[in-house]
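Open the model in your viewer and have the selection tool ready. Each stop tells you what to pick and what to look for.

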Amino acid sequence: MNTPNNKRKKESMDRIEKVFIELLQTKELNEISVSDICKRAGLNRTTFYANYTDIHGLADAIRDKLENEVSDLYKEEVAQGFNSNDYLRLFRHIKDNQIFYKTYFKLGYDNNYKIFHYDTTLARRHFQNRFIEYHMEFFKAGITQIIKIWVKGGCEESPEDMFEIIKSEYSGRME
């Protein structure tokens, strides 16, 4: 493997992604061009196209990166087959990565993919195995909206406060 070239490629991709995210804070996706990104990043268009198919491919790569990071937060639990309901870990991640979450929501990915996995075993127990799909969607939509509001407000409340909000909404149903 050619390490210097891999490092250079990663640095180029990081610059492209950083500029893209910055542009998305003031523009809509359809207002951003590859030329804009390359000019601001100080890179050639060929460098962009060597790493991404187009603007949408770049947006998808950023989405994938964030979704993978969130999945990694709970990878060990999933592998061991348990759910700690440790949303504090998630809220800390959100606070530390606000710009990625803002970008994720601005691109509308939350409408296609809900960030959270749902503990169906716990839900079956709490809801007597009735209407589980409805409860799942209610929880996912609710927590997604809470996160969107929190991110939009600049994450003023602490991660601990946000975790308390979730626990109070699901009082007695989170272990």
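Select α4 and α6: these helices make a right-handed crossing. The model is predicted, so keep that in mind as you look. The axes of α4 and α6 come within 10 Å and cross at roughly 150 degrees. Which residues meet here? Show L66, E69, V70 and L73 on α4, then R89, L90 and H93 on α6.

Next, the core. The largest nonpolar core holds 41 residues. Pick F20, I37, F48, F91 and I94, which have the most contacts inside it. At least two of its residues come from each of α1 (3-24), α2 (34-41), α4 (55-73), α6 (87-96), α7 (98-106), α9 (132-152) and α10 (159-169).

Stay with F20. What does F20 touch, leaving out residues up to four places away in sequence? Select L29, I32, I37, I55, L58, A59 and I62.

Move on to F48, another of the core residues with the most contacts. Is F48 buried or exposed? F48 is buried, and Y52 is buried too.

The count of aromatic pairs is 6. In one of them, the ring centres of F48 and Y52 lie 5.4 Å apart with planes at 45 degrees, so this pair is tilted. Planes between the cut-offs of 30 and 60 degrees get that label.

Last stop: R63 and Y109. The charged end of R63 sits over the ring of Y109. Draw a line from that end to the ring centre: the distance is 4.8 Å.

Terms used: Residues numbered from 1 in each chain as written. Predicted model: local features only at pLDDT ≥ 70, side-chain atom pairs only at ≥ 80, totals over all residues. Heavy atoms only, no water. Phe/Tyr/Trp six-rings, centres within 6.5 Å; stacked < 30°, edge-to-face > 60°. Buried < 20%, exposed > 50% of the residue type's maximum accessible area, 1.4 Å probe, protein only. Lys NZ or Arg CZ within 6 Å of the ring centre and 35° of its normal. Core = buried A, V, L, I, M, F, W, Y, C linked by side-chain atoms within 4.5 Å. Helix = DSSP H or I, 4+ residues; strand = E, 2+ residues; numbered from the N terminus. Contact = heavy atoms within 4.5 Å. Axes fitted to C-alpha atoms, helices over the stretch in contact; angles between N-to-C directions. Left-handed = near helix turned anticlockwise from the far one by under 90°.
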